[in-house]
2 protein chains.
Amino acid sequence: MTVHYRPKGPSMPQADSHRWVQTVTLPPPSLADNSADANRLEAVLKQSLGVPTVAMDLDQLKSLPEQLREWHFRATAVVFKETAAKGVLIHLAPPDTTERLCGLAVDLGTTRVVLRIIDLVSGEHLAETVFDNPQTTVGPDVLTRIHHVETPGGLDRLHRLIIDGINAQVEGLCRRCAIGTGQIHLVSVAGNTAMTHLLLGLNPRWMIREPYIPVTNRPGVVRAAQPGLSVHPNARMLVFPNVGSYFGGDLIAGILHCDMDRREETAILVDVGTNAEVVLGNRHWMMACAGAAGPALEGGVTRMGTTAGPGVIDRIAIDPDTLAFDVRTIENQPPRGICGSGVIDLAAALFRSGMIDIRGKLIPERCGKRYSLQNGLAHLTVVPAGQSATGHDLGITQADLDSLIRSKAAMYTILETITGSVGMQQSELMTFFVAGTFGAYIDPVSAITIGMIPDLPIEYYRSLGNSSLGGATRVLQDPGCFDRIDAIRDSITYMELNVNQDFMNRFSAAKFLPHTDTARFPSVRVPSGRSTQ
Amino acid sequence: MTVHYRPKGPSMPQADSHRWVQTVTLPPPSLADNSADANRLEAVLKQSLGVPTVAMDLDQLKSLPEQLREWHFRATAVVFKETAAKGVLIHLAPPDTTERLCGLAVDLGTTRVVLRIIDLVSGEHLAETVFDNPQTTVGPDVLTRIHHVETPGGLDRLHRLIIDGINAQVEGLCRRCAIGTGQIHLVSVAGNTAMTHLLLGLNPRWMIREPYIPVTNRPGVVRAAQPGLSVHPNARMLVFPNVGSYFGGDLIAGILHCDMDRREETAILVDVGTNAEVVLGNRHWMMACAGAAGPALEGGVTRMGTTAGPGVIDRIAIDPDTLAFDVRTIENQPPRGICGSGVIDLAAALFRSGMIDIRGKLIPERCGKRYSLQNGLAHLTVVPAGQSATGHDLGITQADLDSLIRSKAAMYTILETITGSVGMQQSELMTFFVAGTFGAYIDPVSAITIGMIPDLPIEYYRSLGNSSLGGATRVLQDPGCFDRIDAIRDSITYMELNVNQDFMNRFSAAKFLPHTDTARFPSVRVPSGRSTQ
């Protein structure tokens, strides 16, 4: 669907301010008003962007006088900001242009990268694609990649991989939208601190050494061509700022996406990816912490189970009377694995049906024939070999369950710690945003049942989907978001998780289902006869 | 003379703020203070520059972490500003560097260009050179060059001529100071509006067509490499802003140079080059006008006589009794011409000795054998052929004198108009700055005698020398000057000279020596018997 850009009629100096593309109508020069061409244009753009300066390139100045006169002092301007106080002219087109003027939003994940093309005039999403981060060929996680940086040519290799990968995908995306890559004038990128460093060719090696220092907390706005993106030669790229090595721009984008920085009421945002990252706050203040610190989260939640995909079990229910398993797979394909949300569902169902105790230990007599010992380790079969797509038994071991218990306890303890740090009870929270795939797939009732998240009314939980991409998209649609990004970053107080005795006590108390203090989980019915030891 | 840069000892975050080169000492990172390397450096630079942002290039960020650690979180930083609200890091060197860090100040005249190399640490002038603007080969004046722009390749030719000319001269200058051109990190250029446009490759064609619109009033700060200067690849170039097509950055630099924008008391600044430009004001307001408008200044003051140089007569006195001429030549060489200041001296002396009347007409009986008619035109011999270096008679014609009278009348009328526009009498002025070669060579007593400038006490007149170069130099020496430049530009009210009946009446009254109203010139003794007709 093509959206034709309809400029406004000729009236006094004006520009739309709700988009980065603006139709400008300049007062024509006269003896009484003989300011220079560039300053005439700048005056209108300054006003609409609310900045004291709007910069233009020398090359733009070279063509400006003839363009303005040919177009009778009207034009379509693609603008952006370099800082809160400095706008920049990206591109000037005739006032009645029908050329599509586009932006590219990037969710730069460690595992997967999502690209989205935006029409800068309508704000419409034109196309989207997901692909594996090509750096995965070097290493699956942040740490491996940072170690690779220290090998000869390693930094350049990782940098080229992601740049070439994005360029190739952008080309395909542009073909799908019938635009040229030169029609992409703005790029915004949200990613964790290590990934954005590698995108820019910056060495992240000091991020993994105490005291964990990134090269920059605010990559800011650069020319997209500088790190090598093949888009409009004058395009600018905004890279979301980070709060530190363990709290990246993806989270800042998430906060922007859910408007936490504008809400009067305190909300919490949880993003469980490789690490669990948590932000608590409102328009006045924000506290954040990341669960990478401390041994408690070793393993992480997403290490449990398989990556979501066709045939992967994402929902499990157990009939409490018959103990029959009801499994749902993605796209209803024959089961071939269990993903994170499936594991949480499974644990909740096992607990409700009395097949695991409050410590998460399998109870052989209750599990019946699904229980076995494999290499001396307790094992529970979810899908027998005969019914699975792989021909192997699909199940869960006691070690998997123990790991889940540690993870959920860590998550709960982090939530308890961060709310406690501002003197709040978790029960006082009215809005609980859950970001990312975790948020999209998890069943809050199951997560509450195992005591991973607080026992709030289900409607308080709000899944944000890909909030990193959402935030990256919003800043391309709405100039009003630009200044909020740095303001969000600056309003965050990052709390280093201090894994002290107090934390460990809370962590130990949370290592039961749902918790040693069952009063905190009134909605969870603890199976009779099996309350706290 | 080599000035070694002596960084301060290690203490808490600090930077000098009185130079663009700063020794910075950063607090080393710790778990309690884990902001990124770039932001750690930026924090110190932001404070010293008093700006909310200091930008760094991606390439600088790439080497920053290793540099900071190698240098123990101390460094020598060359900084500059891009706008009042945005600093920029140009270059980072070890804290104890002995490398010279330099700037280049440029007075970009239509006729002559002056370059000066500055040591950015000491502020010292290292070397200076003057050369003819190479664009003179295309045309001697602004108008010819602008017409040339409209021929095929004309703009590029003029742009290359000045860029190549500066590059060649800079190379020679750098050799003289024993530095490389890459050691020039900052450039500042003051010139008239047309010359700065040509330097940047901007087309000045609309400047000479009503309503006289330049491409830009504020070229601002660009990378010096962008228009083609061969200096440090990351060097920035500040081009002084203009107020319009006829009031250029050279005048803004002049105002900066003499601190008119900081003085409580009202002063006037007169720059007589190709045009006469006048600024009247103080720290609260400034009025300006340029004498290019109107037919009165046709010819101009500097068209009179020869360009100053060895053998050129710059001072003339006439003994009132013997009528003997006493001529002084530059460098005491045999006389070969008369420069502008010589012509003014001559006219004043002729008037005092009664050899011209109050209309400036030669009086044959008083001139004696120096008087002759050449091709029907009255002529006065100053140096007979036998005594001149050229073998020709050196003198002045009635037409030259008539032209001088028109010029001096125009100058006086402009001064009267601009002071009158703010309700001031010329006699109220306490400081009268005279810029440029005109200011450097002219004898104020002579100029007062012919009624070109008001009859103020001689000590009120202050010759500024090359104030355009002076202003360009100051901004390289003192970061405090940067913001003043735009502030000066914005505080100027440009007054179009309205050559109406009132102006013409005042002009006619000023076409006598010293003026029809002799009461305005009490210090000038009007020769007896020859008062106003």
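At what angle do the axes of helix H3 (residues 142–149) of chain B and helix H5 (residues 193–200) of chain B cross? They cross at roughly 35°, and the two axes come within 10 Å.

## Ground rules

This is a predicted model, where local features need pLDDT of at least 70 and side-chain atom pairs count only at pLDDT 80 or more, while totals for chains, interfaces and linings use all residues. Residues are numbered from 1 along each chain as its sequence is written, chains are lettered from A and ligands numbered from 1 in the order in which they are written, and side-chain values use heavy atoms, with hydrogens and water left out.

Two packed helices are described by the angle between their axes and the distance between the axes. Axes here are lines fitted to C-alpha atoms, for helices over the stretch in contact, with angles running from 0 to 180 degrees between N-to-C directions. Helices (H or I, at least four residues) and strands (E, at least two) are DSSP runs, numbered from the N terminus.

The crossing of H3(B) and H5(B) is left-handed; that label applies if the near helix is turned anticlockwise from the far one by less than a right angle, and right-handed is used if clockwise. On the H3(B) side, the contact (heavy atoms within 4.5 Å) uses B:Val142, B:Arg145, B:Ile146 and B:Val149. H5(B) brings B:Ala194, B:Met195 and B:Leu198. Sorted by class, that makes six nonpolar, no polar and one charged residues. For the classes, Ala, Val, Leu, Ile, Met, Phe, Trp, Tyr, Cys and Pro count as nonpolar, Asp, Glu, Lys and Arg as charged, and the others, Gly among them, as polar.

## Helix H9 in both chains

In chain B, helix H9 (residues 398–421) and helix H14 (residues 501–509) have axes that come within 8 Å and cross at roughly 125°. H9(B) and H14(B) are therefore oblique to each other. On this scale, angles under 35 degrees count as roughly parallel, over 145 as roughly antiparallel, 65 to 115 as roughly perpendicular and the rest as oblique. The crossing of H9(B) and H14(B) is right-handed. From H9(B), the contact takes in B:Arg406, B:Ala409, B:Ala410, B:Thr413, B:Ile414, B:Glu416 and B:Thr417, and from H14(B) it takes in B:Phe503, B:Arg506 and B:Phe507. By class, the H9(B)–H14(B) contact has five nonpolar, two polar and three charged residues.

Over in chain A, helix H9 (residues 398–421) holds A:Met411. A:Met411 counts as buried because its relative accessibility is 2%. The cut-offs are under 20% relative accessible area for buried, over 50% for exposed and in between for partly exposed (1.4 Å probe, protein chains only). Leaving aside neighbours within four places in sequence, A:Met411 touches A:Val270, A:Val272, A:Ala276 and A:Met452.

## Salt bridges

How many salt bridges does the structure hold over all chains? There are 60, each one a side-chain nitrogen of Lys or Arg within 4 Å of a carboxyl oxygen of Asp or Glu. One of them pairs A:Arg205 with A:Glu150 (3.4 Å, N to O). These two are 55 residues apart, with A:Arg205 in the loop between helix H5 (193–200) and strand E9 (220–223) of chain A and A:Glu150 in the loop between helix H3 (142–149) and helix H4 (154–177) of chain A. A:Glu150, at 33% relative accessibility, is partly exposed.

Chain B has a salt bridge between B:Glu128 and B:Arg116 (2.8 Å, N to O). B:Glu128 sits in strand E7 (residues 125–132) and B:Arg116 in strand E6 (residues 112–119), so the pair ties together parts that are twelve residues apart in sequence. B:Glu128 is partly exposed at 34% relative accessibility, whereas B:Arg116 is buried at 12%. B:Asp402 pairs up with B:Lys361, their closest N and O atoms being 3.2 Å apart. B:Asp402 is in helix H9 of chain B, and B:Lys361 is 41 residues apart from it, in the loop between helix H7 (340–352) and helix H8 (364–367). Salt bridges with shared partners also join A:Glu82, A:Lys86, A:Arg236, B:Glu82, B:Lys86 and B:Arg236 into one network.

Most residues other than glycine have a negative phi, and most peptide bonds are trans. The bond from A:Glu210 to A:Pro211 is cis, with omega near 0°, and A:Pro211 is in the loop between H5 and E9 of chain A. The bond from B:Leu513 to B:Pro514 is cis as well, with omega near -10°.

As for phi, A:Asp259 has a positive value near 60°, and B:Glu331 has one of about 60°. A:Asp259 is partly exposed at 25% relative accessibility, while B:Glu331 counts as exposed at 57%.
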